[in-house]
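Here is a short report on one predicted protein model. Please keep the structure open while reading.

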Amino acid sequence: MPPRLLFAIVFIEGYCSLGAEIIALRRLIPHVGSSIVVTAPTIGLFLLALALGYYSGSRVAVDYRKVVARNFMISAALMGAGLAGGSVNAIFSGTQAGLAYLIFIGGILCPLAWLLGQTVPILTNLTLAQRSGEAAGRALYWSTLGSFLGSVTLSLVVMQMFGVWAAVLLGALMLVAGAALVQRPRPFAATLLAAIAALSLGANLGDRQRADTAYADYEVQSVTRGGMVAPRAFVVNNQHASVIDDSQPPNHARYVQHMRRILLDDLGFVGRDVLVLGAGGFTLSQGEALNRYTYVDIDPAIRAIAERDFLREPIRGEFIAADARRFVVDTKKRYDAVVVDVYSSRTSIPGHLVTREFWLDTRHALKPGGAMLANLILDGQLASPYARNLLATIESAYGRCAVEVLRKSAPRSNVIVTCIANEGGDATGIYVDERNLADVDSARSP
């Protein structure tokens with residue numbers, strides 16, 4: 001095999017193998033989130049399958065081109081059909097999340113990695129004119145370069161400009177082309193390659209109407225809500241991020257209306273600056289002209305999608321595409337209120353947005369005496385370790401906060417936490433029978 005052809009093939013292998021991993025991690029977000037307990041096993045299992053592929057490829061002794069062409073063909077089908085949005089949703093639909101995850105990883109991602117991992121050790125057998133170390137080194141160079149470019153271009157260019165479906169389709173078609181380059185296909189193989197290309201096109205071109213970006217899947221659904229007129233939900237990664245209806249003025253999701261009451265009625269905000277971390281459906285400021293709102297969300301596409309499909313009108317306020325934590329660290333402006341609503345899926349807050357350091361950063365973005373409102377989704381009894389620890393983490397940064405569970409009997413409920421950024425007061429104590437200062441403290445209180 002001519003060296004240029006060999007290196008082109010291993011470049012395609014590297015591009016598509018790591019591209020498949022990036023796409024798989026993105027496809028998992030709406031279903032199981034993006035926490036470290038999801039990404040780390042996924043990366044580990046992918047690397048294990050890749051290692052097993054290297055070993056399997058080293059044992060191939062005949063029909064080198066035929067084996068690689070077959071592997072590319074199967075991988076193209078796995079990528080084009082298996083990583084399509086409809087296929088992944090079908091796996092997770094009606095299946096327990098843990099089992100569905102194992103089916104997805106074990107049935108699609110790992111077999112794809114195993115097949116493509118065989119490419120370099122097999123094809124280096126076709127470079128007999130070179131030293132084995134030189135041949136392997138150059139092949140690994142082109143494979144790793146492909147992996148680098150695959151991860152960068154698919155995540156930062158293709159997904160951003162066109163959507164996840166385009167990244168899946170590009171990878172599948174590259175593998176089809178790679179299979180044809182490895183070995184000139186006979187009529188039956190050519191027919192199979194054409195069928196796989198057609199399958200990939202059909203599975204992914206149908207996703208063009210889905211609003212999916214590098215960060216999230218978006219959809220607007222009609223829902224039923226008592227007391228609301230033709231309500232619709234803005235669905236972000238399979239969770240109802242916000243709800244509005246056709247009433248005048250519109251009604252909103254219960255937690256949004258609750259936070260609006262806190263800001264407008266309880267705190268009496270007029271002419272204030274409000275920072276909202278996590279745009280959701282941009283409904284916190286809808287029809288609210290009394291205050292100035294700044295929305296921060298990591299996905300630059302969310303504003304256009306919400307205005308076109310959900311609000312059906314321009315948002316009220318400023319929008320900044322940035323990571324929430326990076327923004328509160330860098331901003332020089334101080335706000336009267338910071339609203340934190342940063343879910344990436346139904347119950348998953350990105351890990352760097354739950355730590356004490358993050359809550360301290362939000363406090364630094366507040367004016368003295370400013371308010372921090374957080375929308376959390378926790379168990380209604382606040383009995384789980386996650387609920388107790390998260391609330392304790394917030395109060396370690398702010399001191400005592402108000403905690404309001406909107407549906408106390410529900411397994412999962414919106415919980416609104418309201419904290420005031422006051423300067424540190426006296427150390428707290430506990431009243432006991434032998435030294436009960438309750439009456440003294442009560443007299444000193446306003």
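The report covers confidence, a set of paired strands and one serine.

This is a predicted model, with local features needing pLDDT of at least 70, side-chain atom pairs counting only at pLDDT 80 or more, and totals for chains, interfaces and linings using all residues. Residues are numbered from 1 along each chain as its sequence is written, and side-chain values use heavy atoms, without hydrogens and water.

**Confidence.** pLDDT is the predictor's confidence in each residue, from 0 to 100. The protein has a mean pLDDT of 90. In all, 96% of its residues reach 70 or more. Confidence is highest in strand 5, at 97, and lowest in helix 15 (residues 438-444), at a mean of 77. Helices (H or I, at least four residues) and strands (E, at least two) are DSSP runs, numbered from the N terminus.

**Strands.** Strand 8 (residues 335-340) is mostly covered, with six of its six residues buried. Buried means under 20% relative accessible area, exposed over 50%, and partly exposed in between (1.4 Å probe, protein chains only). Strand 8 has parallel bridges to strand 5 and to strand 9. Two strands pair if DSSP finds at least two bridges between them.

| Strands joined | Bridges | Direction |
|---|---|---|
| strand 5 (residues 273-277) and strand 8 | four | parallel |
| strand 8 and strand 9 (residues 366-378) | five | parallel |

L275 has V338 in strand 8 as its bridge partner. A337 is partnered by A371 in strand 9.

**S151.** This residue sits in helix 7 (residues 132-161). S151 counts as buried because its relative accessibility is 17%. Beyond its neighbours within four places in sequence, S151 is in contact (heavy atoms within 4.5 Å) with L18 and I22.
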